[in-house]
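Please examine the sequence and the three-dimensional structure shown here. The paragraphs after it lead through the chains step by step.

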Amino acid sequence: MVSIHFRSQMSYRASFVFEFLGTLTVGILEFATFALVLPRFEHIGGWGLGEVAFLAGVVNLSFGLMDMVFSGFDPGRFGRHVRLGQFDQLLLRPVNITLQVLGSEFVLRRIGRILVGISILAFSFTLIEVDWTPEKFLVLAFAILGQIGFFGSLFMVGSTITFWTVESIEVMNVFTYGGSEMISYPMHIYPNFLRRFFTFILPAMFLNYYPAIYILELPDPLGMPGFAHWLSAPVGLLMLLVARVVWHFGIRQYQSTGT
Amino acid sequence: MTPIIRVNKLSKHFKVRKHHRGRLAALRNLTTRQYRTVKAVDEISFELMPGELVGYLGPNGAGKSTTIKMLTGLLVPTSGELEVNGMLPWKQRTRYVRDIGAVFGQRTTLWWDLPVIESFDLLGTIYKVPEKDFQRSLDEFRQLLSLDEFINTPVRSLSLGQRMRADICAALLHNPKLLFLDEPTIGLDVVAKERIRQFIQHINQVRGTTVVLTTHDLSDVEKLCQRVMVIDEGKLLYNGQLDALADRFGGDRHLLVEMTEEYENVEIEGAQVIAHQGHRVTYQFPRHSTTASELIGRLSERYRIRDLEVREPALEETIRRIYEERLLK
């Protein structure tokens, strides 16, 4: 499947190159703005440029990986497939529908965002020293997996909503793109109600912030239990399970489009 | 033999949002939500035997596509029973679709940017078709549908007729028991239509594939189907032999007469003269109250006749009458 998408995208070589360069440029510009503005404040909530860059790097890397794996569930793109009746064609094939949607798109140009993430991480390591231990590597891997699961599940729910309406894609974008922006900063800078929302309702708190606190050995101003940094992957998994239920409910309700 | 399709009181209702009109309509649409239920398919029942080739007719929005989508497992029925090939299509979807093929006229199942042959190979893999069977089917279809002229072309560059041939081939590579064709000849020219019809007939007769065909083009039906089902506004109006359809709803027939000499007055009892030109007279007579032989008897008593022809009304006319008059209601 992947090789198919690779080949079909390569059949538009020029457009692939331009899109790839485009994502890369946007990513670098985004980071440049961030890197230029941050030193003026010296620190954000007690965290320096290196620490915040670490957060941003992990988010970009994870989001890029997620976007590559879950690009079939990108609500904008998925909604278009539904409207054009291409989703029907997937339902007619004897393969698990979730796997088919996952395999229906494989957007290579997301490599751009992944590279941006890696560059920001590399940059952060020029500013901060990390005493790497096996546990820290594991926590980092869990954080990345958790974020892939978390944002992937938001993509799935967003795609499910497009069975009924396309207008609410924007609402989902607030959570996905807004969410990825938000967890690029230390969570204790946000007001109480936001923090509560992102602890108990959408547990984004554990995705990036606590793993970073553990890896960078920073104090936890919010007083979470000591195992909080391990929760990223479980949170991602839990979200995916919920998203799967929503998704299957959506398929049952799916009304197709008129011919 | 047991039926391959069993449908009993099958219904599909859609909830459609009511839209306000007039002043502040956009605002009211946003704040209030009212729904209206549309019965796209309303308690239809029918059975289909293996090997049948049935035409499914109806005007736009009659419920044809909705029925096909339930039969192919895309839509979950609102109520009623539906069993195809011994399975519940929507419930056992992945297993069920292994044994069916479906072509939705306006859409393609092929990969837009890949050469046709690569899409075929990929479908062969997806359906896990044994290599030998796959090659045999492909060779057969390549020849019957003349696929070779474009088999290495990406799908996006095919003409509509070529794409349809490729799509029909794709739907049959896994040798399904059942083939659903939704408007397979829409937008095609006469030659392309004919080629596809011949192919459908071949598949039905040689492979014994059961075919359900929806179409607007009644010549498809006349050439291919012995049996038709007519649906309108979600209700099944007719289900039976194509010949019997004309018999039941055909309305008036025409009798074309060529006489040996010109007569002033050609009126006879039981028929109406609708054209009279020189030796040729056309009568129109009701199907049920008058028989053709009665008329011919009366005519030959009075006039000298050279030639006769009884004309059935065109199928199109018949179908139109069914829709317009709702003769079964």
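The explanation below begins with the conventions, then takes up each chain, the contact between the chains, and the sheets.

This is a predicted model, in which local features need pLDDT of at least 70 and side-chain atom pairs count only at pLDDT 80 or more, while totals for chains, interfaces and linings use all residues. Residues are numbered from 1 along each chain as its sequence is written, and chains are lettered from A and ligands numbered from 1 in the order in which they are written.

Chain A has 12 helices and 0 strands. Helices (H or I, at least four residues) and strands (E, at least two) are DSSP runs, numbered from the N terminus. Of the 259 residues of chain A, 38% are buried; a residue is buried if 20 or more other C-beta atoms lie within 10 Å of its own, exposed if 12 or fewer, and partly exposed in between, with C-beta atoms placed from the backbone. Two residues are in contact if their C-beta atoms, placed from the backbone, lie within 7 Å. Among contacts in chain A between residues at least 6 apart in sequence, 83% connect residues at least 24 apart.

Chain B contains 11 helices and 13 strands. Its radius of gyration is 25 Å, well over the 20 Å that the globule rule gives for 329 residues, so chain B is more spread out than a compact globule. The radius of gyration is taken over C-alpha atoms, and the globule rule is 2.2 Å times the number of residues to the power 0.38. Along its principal axes, the C-alpha trace of chain B spans about 75 × 60 × 45 Å. Of the 329 residues in chain B, 35% are buried. For contacts in chain B between residues at least 6 apart in sequence, 72% join residues at least 24 apart.

How is chain B divided into domains? Domain 1 covers residues 5–247 and domain 2 covers residues 252–312; such bounds come from an automatic or database domain assignment. The C-alpha centres of domain 1 and domain 2 of chain B lie 44 Å apart.

The two chains also touch: 24 residues of chain B are in contact with 17 residues of chain A. On the side of chain B that touches chain A, at least two residues each come from α2 (64–71), α3 (93–96), β5 (100–104) and α4 (116–126) of chain B. By class, this side of chain B has 12 nonpolar, 6 polar and 6 charged residues. Here Ala, Val, Leu, Ile, Met, Phe, Trp, Tyr, Cys and Pro count as nonpolar, Asp, Glu, Lys and Arg as charged, and the others, Gly among them, as polar.

The strands of chain B may now be followed. Two strands pair if DSSP finds at least two bridges between them. Strand β1 (residues 5–17) of chain B pairs with strand β2 (residues 35–48) of chain B in the antiparallel sense over 10 bridges, and His13(B) has Lys39(B) in β2(B) as its bridge partner. β1(B) also pairs with strand β4 (residues 79–84) of chain B, antiparallel over 5 bridges; there Arg6(B) stands opposite Glu83(B).

An open sheet of 6 strands in chain B has the order β5-β6-β7-β3-β8-β9, with mixed pairing. Its edge strands are β5 and β9 (235–241) of chain B, each of which pairs on one side only. β5(B) runs parallel to strand β6 (residues 178–182) of chain B, joined by 5 bridges, and Ile100(B) stands opposite Leu178(B) in β6(B). Helix α6 (residues 160–172) of chain B packs on this sheet, touching β5 and β6 of chain B, and its direction makes about 160° with that of β5(B). Axes are lines fitted to C-alpha atoms, for helices over the stretch in contact, and angles run from 0 to 180 degrees between N-to-C directions.

Another open sheet of chain B has 4 strands in the order β11-β12-β10-β13, with antiparallel pairing. In chain B, β11 (272–277) and β13 (305–311) stand at the edges, each with a single partner strand, so one side of each is left without a neighbour in the sheet. Strand β10 (residues 253–259) of chain B pairs with strand β12 (residues 280–285) of chain B in the antiparallel sense over 6 bridges, where Glu258(B) stands opposite Arg280(B).
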